[in-house]
Amino acid sequence: MSNPLLDFSGLPRFADINNAHITPAVDTLLRENRATIKNICNDHEPPTWQTFVQPMVDANERLSRTWGQVSHLNAVMNSSELREIYNVNLPLITQFYAELSQNQQLFEKFKQLRASAEFEQLSPARKKIVENELRDFRLGGAELSADKKQRFLQIQESLSKLSSQFSDNLLDATNHFSLLIEDAEALAGIPADVLQTARETAEKDSQSGWKFTLHMPSYLPVMQYADNRSLREQMYHAFATRASEIDNQSDSTNWDNLPLINEILALRQEAAQMLGFKNYAEVSLAPKMATSPQQVLDFLHELATKAKPYAEKDLHALEQFALKQLNLSKLEAWDLAYASEKLREQQYSFSDQEVKQYFPEDKVLPGMFKLVEKLYGISIVPALAPRDIQRWHPDVKFFDINDSNGQLIGQFYLDLYARATKRGGAWMDDAIARRSIEKKQGIQSVQIPVAYLTCNFSAPVCINDKPRPALFTHNEVIVLFHEFGHGLHHLLTQVDDLGVSGINGVEWDAVELPSQFMENFCWEWDVITDMTQHIETGESLPRPLYDKMLAAKNFQSGFQMLRQIEFALFDMRLHFDFEPHGSQTVLQLLDDVRKVVAVVIPPDFNRFPNSFAHIFAGGYAAGYYSYKWAEVLSADAFSMFEETASDGVVDIATGSRFLQEVLAKGGSRTALESFIAFRGREPELDALLRHNGMAAA
């Protein structure tokens, strides 16, 4: 097939894809999909799963897979040409799905199917899909009048463009800043591997010295280790003002995201009211576990009440330490990470940099794989040539997951290292979802799921001309486990209907359960010992150092929890009781939230909302609370391993139960039903508080 984006016979053909393929592929699939929809609508026979639902599933999956490859490349191999083509086609994709969700004929056919005798014969998974479709049609504007449908469609297209622009602005602003340091004395305290990467970055630009950027592997170590306070301040200011009106940008470029934020919020509010909701928060919660914005606000305020006393103790201890040991009479925002690291070193006699030497990539990955292999009875192996596996970058790895019988059940790409063409953060996305497919002569087979796992860690470097693997901080190991948990949710599903297979159909505030669940294992001795080896000595992590890490596990946990609650409350308030273009600004609302829950107030120039991509360029609008909501579920689920395991927490029987009742079920039933089936009861808050060193009151 000449266009690789229209080849669905196997894995994506990344090496064959070029920008010229994108628009023709999108045009072809949109034309074919519209023809399929027209045929379905013109069919006057009573709708059945095979004649009505299945043809749409098949057509929409092709479009989803093609656009998924384009979106993925735009996120990990961004270029000006690809970005332009992506942004030209994005409105076309948005328009198609918006039209689909407003199609009155399709909506009526789903209602007919729901009321038919066949519905009662459908599997629970397919019943769930039908119910989800009916809900989504209502949320998509299917019940609006013709003139309102047109306006609703315009809103969806505008929101799609604005979100893409927000993401582009943030990436451009992040990439635009760099700081070249030529005086080695100004770099005191910064680890050698970070300095080596900075030197290589400068050399790539034909410069001498050390070049630092706002990408996390460069920015965070400076903030955490640089003794040079003015350097930390300069880096913090650049990071905190990204994509804002005070960003350090060229005169000809406008990357300010604040106007986009105001427009996004206004459009979301308008769309919500068109659908009969009071605010966008109610729209966002319609398909989630939480039942109302007030329930979420109450949940967050309850957590804040429990966490704030601990955060205040954290701050007092840090201020006293900074005054007495660092001669800092006032802690500024650019001092927090630095002073915290020094305090932790003093209290627990270790540093992140010391621990990092024990977590090389070539030990962490096999250790993580060994854990899930034991828990779930699977095996994970690098895919072997000459399989037709094409990668978008030489650093990308590809793995097979096999069941206990050696049968292939899933595959995933792993893209670990930061680069200028990749957007920040870490994420999992699906490349291919599990589903039952019919081949020739009516033979059914299962489509193997495939996932993308993407991080932004430091790449391997050469120290004294000696190459060595990438080293991960313990926090980066936790991030890796988190994303792999998402991946396992997608890859280990046993549901064969696309709409509720893997993460599909899972309530957004429960989708973080498997990912945050995996994080807990990063603190278990019997897990850590299998994924550590000192980069110089070859020794495993010493038990005394592990004990110090464990003692420090909840170091500043009050700080960390309040920070997440602050973001979640800000997000919910923005979409609940904030008036876009009203008398109060976005920054003033954030100040109000901070007055209630924060113990540390950032400087006035901080423009956090302008880089809050989760809610303005991702899927977390009025849903950022999901991290804390799901953390309650994950902590409670993990506590069952603590209760049942006789030696450590890697209990095979409990792992098998978690696999069967949570991971395997995907979205085929509600998240609460899956949790109760695993845990035997509804979730409780106590485990989360205990895991964070906070006694349950």
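## Pockets, cavities and helix packing in a predicted model

The lining of the second largest pocket divides into 15 nonpolar, 10 polar and nine charged residues. In this classification Ala, Val, Leu, Ile, Met, Phe, Trp, Tyr, Cys and Pro count as nonpolar, Asp, Glu, Lys and Arg as charged, and the others, Gly among them, as polar. The structure is a predicted model, in which local features need pLDDT of at least 70 and side-chain atom pairs count only at pLDDT 80 or more, while totals for chains, interfaces and linings use all residues. Residues are numbered from 1 along each chain as its sequence is written, and side-chain values use heavy atoms, with hydrogens and water left out.

**The second largest pocket**

The volume of the second largest pocket is about 790 Å³. The pocket has 34 lining residues, and T197, T201, K204, A418 and R419 are the closest to its centre. Two or more lining residues come from each of helix 7 (146–176), helix 8 (192–204), strand 2 (210–213) and helix 9 (216–225). Helix 8 provides the largest share of this lining, seven residues. Helices (H or I, at least four residues) and strands (E, at least two) are DSSP runs, numbered from the N terminus.

A pocket is an open set of points on a 1 Å grid over the protein atoms alone, with protein on both sides within 12 Å along at least five of seven lines; a cavity is a set of points where a 1.4 Å probe fits but cannot get out, and lining residues have an atom within 4 Å of a point. Grid points are joined across faces, edges and corners, and a volume is the space filled by probe spheres set on the points.

**The cavities**

By this rule there are three cavities of 30 Å³ or more. The largest cavity holds about 100 Å³ of space. Its lining consists of 14 residues, of which V506, V662, G666, A671 and S674 lie nearest the centre. Helix 18 (513–519) and helix 26 (671–679) are the elements that give two or more residues to this lining, and helix 26 gives the most, with three residues. By class, the lining of the largest cavity has seven nonpolar, five polar and two charged residues.

The second largest cavity has a volume of about 30 Å³. I40, D43, E45, P47, T51, F52 and K109 line the second largest cavity; three of these residues are nonpolar, one is polar and three are charged.

**Helix packing**

Axes are lines fitted to C-alpha atoms, for helices over the stretch in contact, and angles run from 0 to 180 degrees between N-to-C directions.

| Helix pair | Angle | Axis distance |
|---|---|---|
| Helix 1 (22–42) and helix 2 (49–76) | about 170 degrees | 10 Å apart |
| Helix 1 and helix 3 (80–102) | about 5 degrees | 10 Å apart |
| Helix 25 (652–663) and helix 26 | roughly 160 degrees | within 9 Å |

Angles under 35 degrees count as roughly parallel, over 145 as roughly antiparallel, 65 to 115 as roughly perpendicular and the rest as oblique. Helix 1 and helix 2 are therefore roughly antiparallel, whereas helix 1 is roughly parallel to helix 3. Helix 25 and helix 26 are likewise roughly antiparallel to each other.

A crossing is left-handed if the near helix is turned anticlockwise from the far one by less than a right angle, and right-handed if clockwise. Helix 1 and helix 2 cross in a left-handed manner, and the crossing of helix 25 and helix 26 is right-handed.

Contact means heavy atoms within 4.5 Å. Between helix 1 and helix 2, the contact residues include I40 of helix 1 and T51 and F52 of helix 2; these three residues also belong to the lining of the second largest cavity. This contact divides into 14 nonpolar, five polar and two charged residues. In the contact of helix 1 with helix 3, the residues of helix 1 include V26 and L30, and those of helix 3 include L92 and F96. Here the division is 10 nonpolar, four polar and three charged residues.

T654, R657, F658, E661 and V662 of helix 25 meet S674, A677 and F678 of helix 26. These residues comprise four nonpolar, two polar and two charged.
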